[in-house]
Amino acid sequence: MNAPDTGPGTKPHGPLRDGLPKLMLGALGVVYGDIGTSPLYALRETFTGHHPLPVDAPHIFGILSLVFWTMMLIVTFKYVTLMLRADNRGEGGSIALQALLQRHGHGKRWAGLVVIIGILATSLFVGESIITPAISVLSAVEGLTVVEARLQPLVLPLAVGILVGLFVLQARGTARVGALFGPITGLYFLTIGTLGAISIAGNPAILAALSPHHAIRFFATDGLLAFLALSSVVLAVTGAEALYADMGHFGRRPIRFSWMLIVLPALMLNYLGQGALLLADPGAIRNPFFLLAPEDLRLALVGLATLATVIASQAVISGAFSVTRQAVQLGYLPRLRILHTSARAEGQIYIPIVNWTLLALVILLALGFRSSSNLAAAYGISVTGTMLAGSIMLAILIVEVWKWRWFVALPVILVLITVDAAYFTANLTKIPDGGWFPLLIGVLAFTLLMTWSRGRFLMQQRLKEAAMPIEIFIKSAARTATRVPGTAVFMTSTPSGVPPALLHNLKHNKVLHERILILTVVIDEVPYVDPEDRIEVVDLGANFFRMILRYGFMQQPDVPEALRKVETCGPQIRMQDTSFFLARQTLLPSARPGMALWREKIFAWMLRNAESAMEFFRLPTNRVVELGSQVEI
């Protein structure tokens, strides 16, 4: 078995700078918030959801056995053991894995499949990031009805208020309160584990549910009903993909140790404790999570659970910002306004359009479904779809990159894909009851991502076809054009030919600057590019230079900062003597082959609404000239 991909481009300031205990505590708040709040609703929905089960001993033991072995197969085996090895130079997540495979798959038959699966996984994550805050916060606030049934009318308004407050505060960042996330979540895990252990002590026989024979007997006895129950059992592992996605923030060891030593024991103690409670009192199925606590402590548990769900929602929202930035950098979305909320941490970002779109959809979801039980029907399809897509990409990685021997790879791949496919198929039965929502969001996101990627490729092809060879231009321009003092930087997305802005500038202004830089910013399929590998300069003669700036998909391009460090094209580049020329293309949809006309119109709309290159590349506002051009694709 080959080692994970490592090498140049590794994150320069990785998680190793902090001690293991501190990183484990931090991982509790960021990585395990989502899966940690699953006990609020997972077991309840398995018995009372859209495929209800009798609350009796055989079914309690069968479901708990399924929950335990689902955690062992999907979380411990797939994510903790395998996926954490599949890092893209320190980073994890669907886009990072897709980029890793693309880097190894240029020209290979499976390269196109990887792109589609990766974008599909990203699209499904969008649906998940809408549902998670709504179902998590609602399920916690619903605990008030256990304390006092008359508080039921307050549940929805209170949950909506918490969600609105959470999204409104995003622009300020989480640097000040983020240090509390780990301790609060740690206290939450300690509390739910303790409550579960106390309940187990009253009925230790429930520990027998850890044996797989109870799950097997459940399937043998109930057949189809047991299969349908998988659609609710999988709620126990929602958020498992965060173990892989957040690897770059904490590293493998803290995530693995946190899972094995804290999170898995706490979760299973709580689930088994809920099972012991149900054996003694089947009526407790109305909300077994909160009924585990003594009556005097239930209100405090509601408060603690609400804090935990807010932290889990924050992690999902931050994940949505991070995934969006990666999609922009790798060319699947147009440039968006990205704000940094921390001067010290590059990863703490805020994307206004994503934030407000998520808020609107989350509120609509909460108001439309009104309860966590109704939302549970919508939850699951996006999660299992993302997991299945991840397993397929992992299978390709095992065979094509790691090159495992077939007798090792085959059983591993069959287990992973069979398990994920079973959960995904079971969740398809939820489509009429709410599962249509994440699928609709996924289809819309997939369409936008694929349309932008395809349109961008076609536009670059058209520009390349129409571009004059740079050698011919230099020979002609150097002989006839008047040169004026200063440096001109012409930014272009294609590292060949003459940029349209350069042609238009010469046509209208009749002059060229003394030094001409033709600059292309390239985002590599690695998360970080080392500073010494950033700049590539080619001397084209006559004081023309072609320059390429390389960044990773987790880095924010800063063109002026990079230009100040250039030493290979004459005197130092000073911003006060430099002008930046940008081409703003206007797209003309046409009947030319390439994309359907309706997709061309979507692409044109996305192009019009893209963030200015001046803002995105951090160019000085008083040194930028934009020149327009028209392109047919």
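Is Asn 543 buried, exposed or partly exposed? In this predicted model, Asn 543 has a relative accessibility of 33% and therefore counts as partly exposed, since that class lies between the 20% limit for buried and the 50% limit for exposed. Asn 543 sits in the loop between strands E5 and E6, and its phi is near 65°, a positive value in a residue other than glycine. Ala 542 lies in that loop between E5 and E6 as well. The phi of Ala 542 is also positive, near 60°, and with a relative accessible area of 38% Ala 542 is partly exposed. As background, most residues other than glycine have a negative phi.

Strand E5 covers residues 535–541, and its pairing with E6 is antiparallel, over six bridges. One of the paired positions is Ile 535, whose bridge partner in E6 is Leu 549.

Strand E6 also pairs with strand E4, residues 511–523. Here the two strands run parallel and are joined by eight bridges. Within this pairing, Ile 518 has Arg 546 of E6 as its bridge partner. Is E6 itself enclosed or open to the outside? Of the eight residues in E6 (residues 544–551), seven are buried, so the strand is largely enclosed by the rest of the structure.

These strands are part of an open sheet. The sheet has six strands in the order E5-E6-E4-E3-E7-E8, and its pairing is mixed. At its edges are E5 and strand E8 (624–632), each of which pairs on one side only. From one strand to the next the twist averages 25°.

At the E8 end of the order, the neighbour is strand E7, residues 578–588. E7 and E8 are parallel and share nine bridges. Phe 581 is one of the residues involved, with Val 625 in E8 as its bridge partner. Helix H21, residues 436–466, lies across E7 and E8 and runs at about 95° to E8.

What does Val 559 contact, leaving aside its neighbours within four places in sequence? Its partners are Met 491, Leu 519, Val 521, Leu 549, Tyr 551, Phe 580, Phe 617 and Leu 619. Among these, Leu 549 is the residue of E6 that is bridged to Ile 535.

The buried residues are Ala 226, Leu 228, Ala 229, Leu 230, Ser 231, Ser 232 and Val 233. Which helices do they pack against? The buried residues of H11 pack against helix H3 (42–48), helix H4 (57–82), helix H10 (212–222) and helix H20 (406–428).

Note on methods. Residues numbered from 1 in each chain as written. Predicted model: local features only at pLDDT ≥ 70, side-chain atom pairs only at ≥ 80, totals over all residues. Heavy atoms only, no water. Buried < 20%, exposed > 50% of the residue type's maximum accessible area, 1.4 Å probe, protein only. Helix = DSSP H or I, 4+ residues; strand = E, 2+ residues; numbered from the N terminus. Pairing = 2+ DSSP bridges. Axes fitted to C-alpha atoms, helices over the stretch in contact; angles between N-to-C directions. Contact = heavy atoms within 4.5 Å.
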